[in-house]
Amino acid sequence: MKRQLTRVGVLVSGRGSNLQALLDACASGSVPAKVVLVISDKPNAAALEKARAAGVEALAIEPARVGGMRQFEVQAVTALKSKGVELVCLAGFMRVVSPAFLKEFPGRVLNIHPSLLPSFPGLDAQKQALEYGVKVTGCTVHFVDEQVDHGPIVIQAAVPVLEGDTVESLSERILEQEHKIYPEAVRLFATGRLKLEGRRVRILPPSEWGE
Ligand code: GRF
């Protein structure tokens with residue numbers, strides 16, 4: 001029996017390179033999922049164009065225009081549900097989602113962050129890592145919980161900090177890893193291999209789906 005594709009909604013605010021990585025991985029068949037809706041809080045986000053270029057519905061909902069973040073979330077949830085979204089991926093979405101939003105998609109919201117959490121949560125993670133002087137940083141895909149950059153960790157990739165690194169050069173190398181681990185996390189989710197046990201995410205062995 002052929003497995004149904006997991007329906008994914010992606011929330012973005014900017015460039016959309018992680019969105020593109022997800023779109024490409026789904027299109028290539030390496031991830032048994034389909035991005036069915038992209039929502040941005042910024043109407044001019046380049047990510048919206050990337051979605052449309054891939055034939056995916058792209059929606060801009062500006063919090064300031066709809067009466068605030070609560071209304072943004074109400075509209076986003078309605079749109080995501082109407083598309084039958086089963087997994088929500090935050091990909092450079094520069095807002096904090098509320099407990100009410102998370103309740104609509106329990107254990108079904110992922111985020112990517114450009115550091116090895118719990119080090120350097122919040123903004124400018126690459127700059128924080130450089131300024132702290134760590135020799136290794138990286139990126140993390142995690143389930144979203146009610147605290148910022150805090151939920152159970154699915155996958156991490158380490159990236160060495162090199163002599164002479166700038167925020168830009170370090171960010172670029174971290175981004176290469178982000179584009180690998182986010183699709184991989186979605187693949188594991190879509191194939192039913194992620195099991196949440198408190199703070200820990202167990203990665204189950206490959207199943208009869210040929211995984
Ligand atoms: C990435 O570094 C991601 O980890 C962070 O925001 C950035 C988004 O980049 N949350 P892009 O929009 O996916 O290119």
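Residues are numbered from 1 along each chain as its sequence is written, and side-chain values use heavy atoms, with hydrogens and water left out. As the model is predicted, local features need pLDDT of at least 70 and side-chain atom pairs count only at pLDDT 80 or more, whereas totals for chains, interfaces and linings use all residues.

The largest pocket has a volume of about 850 Å³. Grid points are joined across faces, edges and corners, and a volume is the space filled by probe spheres set on the points. The lining of the largest pocket consists of 32 residues, where a lining residue has an atom within 4 Å of a point. Gly92, Phe93, Met94, Ile112 and Pro114 lie nearest the centre of this pocket. At least two lining residues come from each of helix H1 (17-28), strand E5 (109-113), helix H6 (125-132) and helix H7 (167-190). Helices (H or I, at least four residues) and strands (E, at least two) are DSSP runs, numbered from the N terminus. By residue type, the lining holds 13 nonpolar, 12 polar and seven charged residues. In this division, Ala, Val, Leu, Ile, Met, Phe, Trp, Tyr, Cys and Pro count as nonpolar, Asp, Glu, Lys and Arg as charged, and the others, Gly among them, as polar.

In soluble globular proteins, nonpolar side chains tend to be buried together. A nonpolar core is a set of buried Ala, Val, Leu, Ile, Met, Phe, Trp, Tyr and Cys residues joined through side-chain atoms within 4.5 Å. Buried means under 20% relative accessible area, exposed over 50%, and partly exposed in between (1.4 Å probe, protein chains only). The largest nonpolar core has 41 residues, and Val10 and Val186 touch the most other members. Helix H7 gives the largest share of this core, nine residues. Leaving aside residues up to four places away in sequence, Val186 touches Val8, Leu22, Val31, Ala33, Leu87, Cys89 and Leu110; contact means heavy atoms within 4.5 Å. A second, separate core of 20 residues includes Leu11, Ile39, Val97 and Phe105.

Ile39 is placed in strand E2 (residues 33-40). Ile39 counts as buried because its relative accessibility is 0%. Among the residues that Ile39 touches, beyond four places away in sequence, are Val10, Leu11, Phe72 and Leu80.

Asn111 is found in strand E5 and counts as buried at 10% relative accessibility. The side chains of Asn111 and Asp149 are joined by a polar contact of 3.4 Å. A polar contact is a pair of N or O atoms within 3.5 Å; within protein, one must be able to donate a hydrogen and the other to accept it, and residues adjacent in sequence count only if both atoms are side-chain atoms. Asp149 is found in the loop between E6 and strand E7 (153-160). Phi of Asp149 is near 50°, a positive value in a residue other than glycine, and Asp149 counts as buried at 13% relative accessibility.

His142, in strand E6 (residues 136-143), is buried at 1% relative accessibility. The contacts of His142 beyond four places away in sequence include Asn111, Leu117 and Asp149. Val144 lies in the loop between E6 and E7 and is buried, with a relative accessible area of 18%. Val144 touches residues including Leu90, Val97 and Asn111.

The loop between E5 and H6 contains Pro118 and Phe120. A cis peptide bond joins Leu117 and Pro118, with omega about 10°. Phe120 has a positive phi, near 55°, in a residue other than glycine, and counts as buried at 12% relative accessibility.

Glu176 lies in helix H7 and counts as partly exposed at 47% relative accessibility. The C-alpha atoms of Glu176 and Ile203 are separated by 23 Å, and the two residues are 27 residues apart along the chain.

Notes: On a 1 Å grid over the protein atoms alone, a cavity is a set of points where a 1.4 Å probe fits but cannot get out, and a pocket is an open set with protein on both sides within 12 Å along at least five of seven lines; lining residues have an atom within 4 Å of a point.
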